Amino acid sequence: MKTPLLQFTEKGIYCQQANVYLDPWKKVDNALITHGHADHSRWGHKKYITQHDNVPIIKHRLGAIEATGVNYNEKIIINNVTFSFHPAGHIPGSSQIRVAHKGDVWVFTGDYKLHPDGLSVPYEPVKCNSFITECTFGLPAFKWRPQQEVFNDINEWWKTNKAEGKTSVLFGYSLGKAQRLIKNLDTSIGTIYTHAAVENLNEVIRPHFSLPDTVRITADTDKKAIAGNIIIAPPSAHGTPWLRRFAPFVTATASGWMAFRGARRRRAVDRGFVLSDHCDWNELLTAIKETGCEKVITTHGYTDVFSKYLQTLGYDARTEQTQYEGENAETNEENEVTS
Amino acid sequence: MKAFGELIRILDATNKTNEKVKALATYFKEAPAPDKLWTIALLSHRRPKRPVTTTLLREWASEAAHIPLWLFEESYHIVGDLAETIALVIPEESVTHDKSLADFATDLLALYNKDEQQKKEYLLTTWQQLDYYERFAFNKIITGGFRIGISQKLMTRALAKATEIDEDILAYKLMGDWTPQTTTFNKLILEENEEDYLSKPYPFYLAYALDQEPAELGDVSEWSFEHKWDGIRAQLIVRNKELFVWSRGEELVTDKYPEFEVFTEHFPDGTVIDGELLPYPNNSIGTFNDLQTRIGRKNITKKLLEKTPVIIKAYDVLEWKGEDVREQPFKTRRGYLNQLIQLCKDKNLPLYISEVMHFNTWEAAAKERERSRDVKSEGLMLKRNDSPYLIGRKKGDWWKWKVDPLTIDAVLTYAMRGHGRRTNLFTDYTFALWDNNELVTFAKAYSGLTDAEFRQVDNFVKRNTTDKFGPVRQVTPELVFEIAFEGIAPSKRHKSGVAVRFPRILRWRQDKKIEEANSLDDLKALIIE
Ligand SMILES: [Zn+2]
Ligand SMILES: [Zn+2]
């Protein structure tokens, strides 16, 4: 049997023909990177190739690395294999990677979502034969409401807190979720203050994406000036002395996991908003259908359940073990950033 | 139903008790009377008899969601709540309705006598018409167990706010076996009733756990000691030849303990005592498991009364011959208690006194505390001789000095995914102890580790799975944990022959190999005969 175009090895997703890896988790020579979250872009590879907007993001996260930027849809040919990056709509600078060789076309989604978030370049379906997809929220219990409805709730929440003389503290991962929140808040209500981890990334992202004005919280920030406004901070800031000095405040988290009542209750936050940068159940099914693929490989999330269901729909579906971790990895990353 | 769905949404969105009460009070002001009555009924566990089995609910919900049943079951397992899972998987439709909560509740009552096809048609149509929170609430009416952080007590408080009727009087009005079919909101809540006032309890005085060396409390002779009994803290009121039993949650539970009715014949008019309600099978204090068989029961059968009778172990007197004596010193109040016990002597009443002890040294007191498990208590209560009976949880005059939990080192043998936020982590564990060369399951626990530790163990589980049984993973026995628990009793229902109370993970014994874990015999040795 001939070697498949992409294989799952202990270092990552590997294209033997071109000797490159996609989002590898162990050190390799040539890495094609979908996006800047910690589980997809790791430290220690010799060369990184990624979409232009992601270059400053991974350089910010990983320091002095050798990274080359390419445009969406630009073709890179390595030993007769054609690679190209396509918008994934997950976070700013996120891509799917298309790999083609002699009519065999594979797409690796990295992380993605279908509905535009107003900030990152929206997802574009790419035709392929084999589709490697994440399925972080691959259960029929996950269905996202339209983003505008969620932000109406968030803005309403902020307004109410302000009227009660309280500061709103909204937790979101400092890369991606934080900027999406900032972009869609109603700035007529007040000022957006940011935790350093968030503002550092805002600075990296701002040259390529338009974001409303934000104010970095420093040691000199006047506590009284913040009252009634909103603070965007990574989840790891919860319960820290850093946060406590802004009392009285009300806390909330924005995440896909907030879809479950149990999760909302167990989080020690006052409010949970269901807002995810990953596909929900229907988005996953739509995406798969639109690629026209026959083969599906599911990576992180409810992989077994999801691929079993795809089989009942007639797809040649299976699961591969990877070290991608979905929304959890993004949380872990926050711990790294702030500790 | 729109307003009720919205109420559930608001209650669900906040974890602040005050906001919950406020939202509920607003609802009680604005909703039509029949809806109010149904809301009270639902929040006090008076839902209509379940018209369909959960098996059918699952089948029909998967059909309505256009997904195979196994996929519905997987989702249910991960969500952890049937009503919520159904609400989540059913697709949103544009059709709607204009029915009230009372309308739907009445539908469900009528549904009980319909055939299966009619039931199915009704549910499928209704699910489509409701929005997410209405659908969730509707399902909860069928399955029960709202768990939205509204106890009967909080509901009563909200109702008091809305109606301006005293909370304790409302609690009394709400007791008994009324249903929305047998009464109206007006009759149940609004109509004045002389009797309502007779039942009024006093707020309980609660102690904090001792947070210092007992010797720092000063002269030991200023203190009275009692064992801390492990039952339900209760207040018994006899006024006007009527008995009222209130539990610590300040819920009226008179109906559940008919054996106390006899006190009305012997207690002086205007007597209120504070004590511990305890199971008393075979004329000795039983386990909390015994008491469980009484707590949950609505129907108290003669058989149950014989098998698991209850007694009251009296701590204190709050009202004596119609006079509020809470300001008087503890010593004086105990004098009244002794008088009451004298009055009831030789009458074979389910009334016992919680004996007061005095010690010459703190060391002697500590020795008595060591003995707690032998006498089936949880430790000691320390009360200042001259302390008044205060309101709520207060520091200073009363302290609880509990014994340390029992612990045992056990081996992790199975793991299951957690619920909610932890759905993608294996955080629900089963632990086993050695029985000869075999590991025998003895407890399940899912709390006590830090998030970082849970992630580490999760990683271990994923890499060391030896078998899968549905959602359960069997793992290589390798990790040892110290498990703490509060109580232990022999049990026929458990494979190990032992039931432990409140098991939780105390710490991960990374220093121990599985051979060093404890045996089942070690565990059984902790049982006090
Ligand atoms: Zn990501
Ligand atoms: Zn990912």
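Colleague: How many salt bridges come up over all chains?
Modeller: The count comes to 44 salt bridges over all chains. A salt bridge here is a side-chain nitrogen of Lys or Arg within 4 Å of a carboxyl oxygen of Asp or Glu.

Colleague: Before we go on, what kind of model is this, and how do the labels work?
Modeller: This is a predicted model, in which local features need pLDDT of at least 70 and side-chain atom pairs count only at pLDDT 80 or more, while totals for chains, interfaces and linings use all residues. Residues are numbered from 1 along each chain as its sequence is written, chains are lettered from A and ligands numbered from 1 in the order in which they are written, and side-chain values use heavy atoms, with hydrogens and water left out.

Colleague: Thanks! Which residue does Lys200(B) form a salt bridge with?
Modeller: Asp166(B) is the partner of Lys200(B), and their closest N and O atoms are 3.6 Å apart. The pair links distant parts of the chain, 34 residues apart. Lys200(B) sits in the loop between helix H12 (185–190) and strand E1 (205–209) of chain B, while Asp166(B) is in the loop between H10 and H11 of chain B. Helices (H or I, at least four residues) and strands (E, at least two) are DSSP runs, numbered from the N terminus.

Colleague: How accessible is Lys200(B)?
Modeller: Lys200(B) is partly exposed, at a relative accessible area of 30%. Asp166(B) is partly exposed too, at 35%. For the cut-offs, buried means under 20% relative accessible area, exposed means over 50%, and partly exposed is in between (1.4 Å probe, protein chains only).

Colleague: And where is Glu164(B)?
Modeller: Glu164(B) lies in the loop between helix H10 (152–163) and helix H11 (167–174) of chain B. Its phi is near 60 degrees, a positive value in a residue other than glycine. Glu164(B) is exposed, with 73% relative accessible area.

Colleague: What is phi for Asn240(B)?
Modeller: Phi of Asn240(B) is near 55 degrees, again positive in a residue other than glycine. Asn240(B) belongs to the loop between strand E3 (232–239) and strand E4 (242–247) of chain B and is exposed at 52%.

Colleague: Back to charges. Is Arg326(B) buried or exposed?
Modeller: Arg326(B) is buried, at 14% relative accessible area. Its salt bridge partner is Asp324(B), with the closest N and O atoms 3.0 Å apart. Asp324(B) is partly exposed, at 36%.

Colleague: What about Glu370(B), which residue does its side chain meet?
Modeller: Glu370(B) meets Arg369(B) in a salt bridge (3.9 Å, N to O). Glu370(B) is exposed at 58%, whereas Arg369(B) is buried at 12%. Elsewhere, salt bridges that share partners join Asp409(B), Glu482(B), Arg507(B), Arg509(B), Asp511(B) and Lys512(B) into one network.

Colleague: Switching to chain A: how many residues of strand E9 are buried?
Modeller: Strand E9 (residues 95–101) of chain A is mostly covered, with six of its seven residues buried. Strand E8 (residues 81–87) of chain A is joined to E9(A) by six bridges, running antiparallel. For strands to pair, DSSP has to find at least two bridges between them. Pro87(A) has Ser95(A) in E9(A) as its bridge partner.

Colleague: And how many bridges are there between E9(A) and E10?
Modeller: Five bridges pair E9(A) with strand E10 (residues 104–108) of chain A, in the antiparallel sense. Val99(A) stands opposite Trp106(A) in E10(A). E9(A) and E10(A) form a hairpin with two residues between them, and Lys102(A) in the turn has a positive phi of about 45 degrees.

Colleague: How many strands form the open sheet with E14 in chain A?
Modeller: Six strands form it, in the order E14-E13-E15-E12-E16-E17, with parallel pairing. Strands E14 (215–216) and E17 (271–274) stand at the edges with a single partner strand each, so one side of each has no neighbour in the sheet. Two bridges join strand E13 (residues 192–194) of chain A to E14(A), and Tyr193(A) has Val215(A) in E14(A) as its bridge partner.

Colleague: Last one: which peptide bond is cis at Pro248(A)?
Modeller: The bond from Ala247(A) to Pro248(A) is cis, with omega near 0 degrees. Pro248(A) is in the loop between helix H6 (241–244) and strand E16 (249–255) of chain A.
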